[in-house]
Amino acid sequence: MSQLDNCPNCDQIYIRNAFREVCENCYKQEENDFQRVYKFIRQRQNRTATMDQVVEGTGVSENLIIKFIRKKRIQLAQFPHLGYPCDRCGTLIREEKLCSACKKDIQTQLSKLDREEERQRALHDQAITYHVVNKKFK
Ligand SMILES: [Zn+2]
Ligand SMILES: [Zn+2]
């Protein structure tokens with residue numbers, strides 16, 4: 001589906017569709033940048049470059065490089081030191097959406113919630129029992 005929208009990059013009005021998240025100009029610019037990044041990391045001595053080194057070596061912004069990685073245009077398997085930020089804390093990760101620390105943290109919070117829910121349910125059950133017993137003896 002196509003619709004008029006503002007380019008998220010430069011704010012120009014453009015026709016948005018599933019394949020174009022940015023306007024024609026920005027798209028071309030992005031393609032240029034992608035080629036530059038790709039050429040850079042494909043060089044043998046740059047295979048192990050970190051994000052900072054790639055930014056420095058190409059002049060392309062980290063955000064854009066992360067976008068390429070998220071879109072799988074840059075295959076992380078081939079570049080051991082590249083990654084994208086954890087959705088929660090921004091640590092560089094290489095798979096899924098969260099780093100292991102955040103995953104663990106969320107797990108802990110969830111089980112805490114589970115326990116709290118169980119406690120509430122137990123209290124509730126007790127209250128009902130109490131109510132019923134009370135009625136009986138009235
Ligand atoms: Zn644009
Ligand atoms: Zn995290």
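Predicted model: local features only at pLDDT ≥ 70, side-chain atom pairs only at ≥ 80, totals over all residues.
Helix α1 spans residues 24–42, α2 spans 51–58 and α3 spans 62–70.

When residues up to four places away in sequence are not counted, E30 touches V22 and L64. The C-alpha atoms of E30 and I65 are separated by 9.8 Å, although the two residues are 35 residues apart along the chain.

Two packed helices are described by the angle between their axes and the distance between the axes. For α1 and α3 the angle is about 80 degrees and the axes are 11 Å apart, which means that α1 is roughly perpendicular to α3, because angles of 65 to 115 degrees are put in that class. On the α1 side the contact is made by E30, D33, F34 and V37, and on the α3 side by L64, I65 and F68. Sorted by class, the residues of this contact are five nonpolar and two charged, with no polar residue.

Helix α1 also packs with α2, and here the geometry is described in the same terms. The axes of α1 and α2 come within 10 Å and cross at roughly 120 degrees, so the two helices are oblique to each other, and their crossing is right-handed. The residues that meet are R36, V37, F40 and I41 in α1 and V54, G57 and T58 in α2. This contact of α1 with α2 divides into four nonpolar, two polar and one charged residue. V37 is named in the contact with α2, and V37 is also named in the contact with α3.

Between α2 and α3 runs a loop, and V60 lies in that loop. Is V60 buried or exposed? V60 has 21 other C-beta atoms within 10 Å, and it is therefore buried. Leaving aside its neighbours within four places in sequence, V60 is in contact with D33, R36, V37, V55 and I65. V60 is also 8.4 Å from F34, C-alpha to C-alpha, while the two are 26 residues apart in sequence.

Most residues other than glycine have a negative phi, and most peptide bonds are trans. K72, in the loop between α3 and β3 (84–85), has a phi near 65 degrees, a positive value in a residue other than glycine. K72 is exposed, because 8 other C-beta atoms lie within 10 Å. E96, in the loop between β4 (92–93) and α4 (100–136), likewise has a positive phi, near 55 degrees, in a residue other than glycine. With 10 C-beta neighbours inside 10 Å, E96 therefore counts as exposed.

Key:
Residues numbered from 1 in each chain as written. Chains lettered and ligands numbered in written order. Helix = DSSP H or I, 4+ residues; strand = E, 2+ residues; numbered from the N terminus. Buried ≥ 20, exposed ≤ 12 C-beta atoms within 10 Å, placed from the backbone. Contact = placed C-beta atoms within 7 Å. Axes fitted to C-alpha atoms, helices over the stretch in contact; angles between N-to-C directions. Parallel < 35°, antiparallel > 145°, perpendicular 65-115°, else oblique. Left-handed = near helix turned anticlockwise from the far one by under 90°. Nonpolar A, V, L, I, M, F, W, Y, C, P; charged D, E, K, R; others polar.
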